[in-house]
Amino acid sequence: MKKVLFATTALVASAGIASAEVASSGSAEMGVRSVNGGDLEFHQSVDIRFTMTGETDNGLTFGATIDLDDAVEMAIRGNDTADVGSNELADFTVFISGSFGTLTMGDTDGALDWAMTDLDQIGDISDANTSHAGFNGNGNADGAHDGQVVRYNYAFGDFSFAVSAEMDDDGVFDPTLGIGGKYSADLGGVTLGVGLGYQSGEVLGSDFDVYGVSVDVAMSNGLRGIVNYSSIDVLGVNIDHIGVGLFYKMDALSVGVNYGEFSSDGVSDNGFGLAANYDLGGGASVRFGYGDNSTCDFGFNCTNTESSYSLGLKMSF
């Protein structure tokens, strides 16, 4: 993605020279889509993201990211926490990093989501291939409160680990606490990634526990497979989820399929998604996505519900 440098500032101190810069990146989409079985409609969107980075005299790095729309919302509402009319944090993060590891605050992943690999590896202009009832973005343990997550992570060799916390600003419910670990290795033509995470907290006055494991295998021939499993206990109900993704990239073409299923008490919500992208070069790509939902019992009696699809052009700047 091309970066447009807006400003570079040199900060001179007696101990040496530190530097900071602000850069921007952006994207735009245009095309058509159908959402949850609805009529065909036009789709267009524009996003601008600012990335600010710097380095202290002694080598610590620091930075922040924010989308343009969230910068406007922050100015309107006069605070830095929740979006107006919602319980979600605006899309910005702040971090500091050094030999001690990295500390990140804001709209970032909790330790469980950080440790697991997402099945959204291809993408389309309206997220049709990941909007089905069986898709799990692994972040189901985040957002129980205001969505403001604090995460510390540290890497050593092929291993890395993280701990995270999300607080209830009103002090009514227990915080969501998480821990996760990842292992990655190059096995000669095959890259293996394994992630394991756990989070617990309180929502609606009930304790919850979530754990998950993820296995990611990428081959040098462009083939990649991902398997995720997670389980959540909340409000006296246990819900299991399994997700499988298979992806292939050859030159300018990328294709992928993902399947997911939530199951509890003999009933499952499941679905699958398809995505295909063709890179036109220069940051532009043609993108297609499709998602299909079903509700089934364990006797495999399934009812097809709704489907979504999209087709269009994405431009990255």
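Is Asp216 buried or exposed? Asp216 is buried, with a relative accessible area of 10%. Buried means under 20% relative accessible area, exposed means over 50%, and partly exposed lies in between (1.4 Å probe, protein chains only).

This is a predicted model, in which local features need pLDDT of at least 70, side-chain atom pairs count only at pLDDT 80 or more, and totals for chains, interfaces and linings use all residues. Residues are numbered from 1 along each chain as its sequence is written, and side-chain values use heavy atoms, with hydrogens and water left out.

**Salt bridges**

- The structure holds 3 salt bridges. Each is a side-chain nitrogen of Lys or Arg within 4 Å of a carboxyl oxygen of Asp or Glu.
- Side chains of opposite charge can pair when their charged atoms come close.
- Asp216 forms one of these bridges with Arg224, and their closest N and O atoms are 2.5 Å apart. Arg224 is partly exposed, at 25% relative accessibility.
- Arg49 bridges to Asp67, again with the closest N and O atoms 2.5 Å apart. Arg49 lies in strand β3 (residues 41–55) and Asp67 in strand β4 (residues 61–67), so this pair ties together parts that are 18 residues apart in sequence. Strands (E, at least two residues) are DSSP runs, numbered from the N terminus.
- Arg49 counts as partly exposed at 22% relative accessibility.
- Arg33 forms a salt bridge with Glu41, the closest N and O atoms being 2.8 Å apart. Arg33 is partly exposed, with a relative accessible area of 25%. Glu41 is also partly exposed, at 34% relative accessibility.

**Aromatic rings**

- The structure holds 8 aromatic pairs. Rings of Phe, Tyr and Trp (its six-membered ring) pair if their centres lie within 6.5 Å; planes under 30 degrees apart count as stacked, over 60 as edge-to-face and the rest as tilted.
- Tyr152 and Phe161 make an edge-to-face pair, 6.2 Å centre to centre with 70° between the planes.
- Phe161 also pairs with Tyr154: the ring centres are 6.3 Å apart and the planes stand at 55°, so this pair is tilted.
- Tyr152 is partly exposed, with a relative accessible area of 25%. Phe161 is partly exposed at 32%. Tyr154 counts as partly exposed at 29%.
- Ring pairs link Tyr152, Tyr154, Phe156, Phe159, Phe161 and Tyr183 into a cluster.

**A charge over a ring**

- The charged end of Lys182 sits over the ring of Trp114, 4.2 Å from its centre. The criterion is NZ of Lys or CZ of Arg within 6 Å of the ring centre and within 35 degrees of the ring normal.

- Rolling a probe the size of a water molecule over the atoms shows where empty space is left.
- The structure holds 1 cavity of 30 Å³ or more. On a 1 Å grid over the protein atoms alone, a cavity is a set of points where a 1.4 Å probe fits but cannot get out; lining residues have an atom within 4 Å of a point.
- About 30 Å³ of space lies in the largest cavity. A volume is the space filled by probe spheres set on the points, with grid points joined across faces, edges and corners.
- The lining of the largest cavity includes Asn140, Val210, Ser230, His241 and Phe262.
- Strands β12 (223–234) and β13 (237–250) each supply at least two residues of this lining.
- The lining residues divide into 4 nonpolar, 4 polar and 1 charged. Here Ala, Val, Leu, Ile, Met, Phe, Trp, Tyr, Cys and Pro count as nonpolar, Asp, Glu, Lys and Arg as charged, and the others, Gly among them, as polar.

Technical notes
Helices (H or I, at least four residues) and strands (E, at least two) are DSSP runs, numbered from the N terminus. On a 1 Å grid over the protein atoms alone, a cavity is a set of points where a 1.4 Å probe fits but cannot get out, and a pocket is an open set with protein on both sides within 12 Å along at least five of seven lines; lining residues have an atom within 4 Å of a point.
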